[in-house]
Amino acid sequence: IGDLNFPELKWPDTSTSVNLHKSFIDMFTDEFGHTQLIDLPTHKGGNILDLAFTNISDLITDVRVLGHNEACKSDHFGIDFKVGLDVSFRKMEKREVFNFSKANWRGIFSILRIMVEVHLYLEPWRAQGCDTIML
């Protein structure tokens, strides 16, 4: 969807004398396989400047160009359409969520402190090649 401001480009037959406009149309229609859906003027000057492209035409229905200033104050007319998508939601499985505000932080820090102290105690012994130490 966009305001392309190509007044020399005539819709729906896509005739134009401007090479840039022709390249644009060829890219969207031939290379991307898109169809342009707007066939009525979208500007008060009588040109189709606002375009809507799709590569799945069956999904887009009820395309219409709104009246002047119906969507907003502008020299362009709004575009309205429906997209027919069947969106189904699958039920999410329950998952376990931890409430960290209820954690026993004193206990966790106490255990971590003991682990650090044991590590600091054992490290010099390991450095000397002792793998097993009886406490």
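A nonpolar core is a set of buried Ala, Val, Leu, Ile, Met, Phe, Trp, Tyr and Cys residues joined through side-chain atoms within 4.5 Å. Buried means under 20% relative accessible area, exposed over 50%, and partly exposed in between (1.4 Å probe, protein chains only). This is a predicted model: local features need pLDDT of at least 70, side-chain atom pairs count only at pLDDT 80 or more, and totals for chains, interfaces and linings use all residues. Residues are numbered from 1 along each chain as its sequence is written, and side-chain values use heavy atoms, leaving out hydrogens and water.

**Core**
- The largest nonpolar core holds 13 residues; Trp11, Phe24, Leu51 and Phe53 have the most contacts inside it.
- Helix H1 (residues 19–31) gives the most to this core, with 3 residues. Helices (H or I, at least four residues) and strands (E, at least two) are DSSP runs, numbered from the N terminus.
- Phe24 touches Leu4, Phe6, Leu51 and Phe53, not counting residues up to four places away in sequence. Contact means heavy atoms within 4.5 Å.

**Helix H1**
- His21, Phe24, Ile25 and Phe28 are the buried residues of H1. They cover an arc of only 95 degrees around the axis (directions from the axis to the C-beta atoms), so they lie on the same side of H1.
- These buried residues pack against strands S3 (50–51) and S4 (53–54).
- Asn19, Asp30 and Glu31 are exposed on the other side of H1.

- Phe32 is partly exposed, because its relative accessibility is 44%.
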